[in-house]
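Dear colleague,

Here is the structure for your files. My notes on its pocket and its nonpolar cores follow below.

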Amino acid sequence: MTKSNTNKLTDDQVSEIKESFDMFKSGNGKMDYEQIKYAFRALGVEPTEETLESTKKKGQKSMTYNTFFDIVSPFIPKRDSMSTLEQAFKLFDRDESGTITFQDLKSVAINIGEECSDKDLYDMIEFADIDGDGVINKSEFISLMTTKKVL
């Protein structure tokens, strides 16, 4: 972790980076390179192909937290809240259909090791699904994330 990068970030931003890394790290405590784009998106940052390619080191299949921090931290101060929400939406909308389906939620839950029953996942969709079509579109997602609703 470079000191200069740490100085530019708030404590909350540093915590976000750690949470993103922890969400996508594997059992060995490192993040597989295949997961980096999802970890970037979880932080509201869309990595370029150049960034993704530059992160791959010859012969290595994973990276440490410090390496991830050094790569992602320059992007954090540049993001805006709407961009962050749109990137978070993309994290769930893996097939880029413009909606978050039950299967999308289930895939993300499995990927991050979160144990959620099918009923819980359907309840999440029902809670956020304003138009009643059984899926969550981008505007419903943004509304959910920016409105203080309490169950």
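The largest pocket has a volume of about 640 Å³. Please keep in mind that this is a predicted model. The pocket is lined by 26 residues, and L91, F92, L105, F141 and M145 are the closest to its centre. Two or more lining residues come from each of helix 2, helix 6 (81-92), helix 7 (102-112), helix 8 (118-128) and helix 9 (138-146). Helix 6 contributes the most to this lining, with five residues. By residue class, the lining of the largest pocket consists of 21 nonpolar, two polar and three charged residues.

Now to the cores. The largest nonpolar core comprises 21 residues, and I17, M31 and F68 have the most contacts inside it. At least two residues of this core are supplied by each of helix 2 (11-24), helix 3 (36-42) and helix 5 (65-72). Helix 5 gives the most, with five residues.

Leaving aside residues up to four places away in sequence, F68 touches I17, S20, F21, M31, I36, A39, F40, L43 and M63.

Another core, of 10 residues, lies apart from the largest one; L105, L121, A128 and I136 are among its members. L105 also belongs to the residues closest to the centre of the largest pocket.

Regards

Terms used: Residues numbered from 1 in each chain as written. Predicted model: local features only at pLDDT ≥ 70, side-chain atom pairs only at ≥ 80, totals over all residues. Heavy atoms only, no water. Core = buried A, V, L, I, M, F, W, Y, C linked by side-chain atoms within 4.5 Å. Buried < 20%, exposed > 50% of the residue type's maximum accessible area, 1.4 Å probe, protein only. Helix = DSSP H or I, 4+ residues; strand = E, 2+ residues; numbered from the N terminus. Contact = heavy atoms within 4.5 Å. 1 Å grid on protein atoms, 1.4 Å probe; cavity = no way out; pocket = protein on both sides within 12 Å on 5 of 7 lines; lining within 4 Å. Points joined across faces, edges and corners; volume = space filled by probe spheres on them. Nonpolar A, V, L, I, M, F, W, Y, C, P; charged D, E, K, R; others polar.
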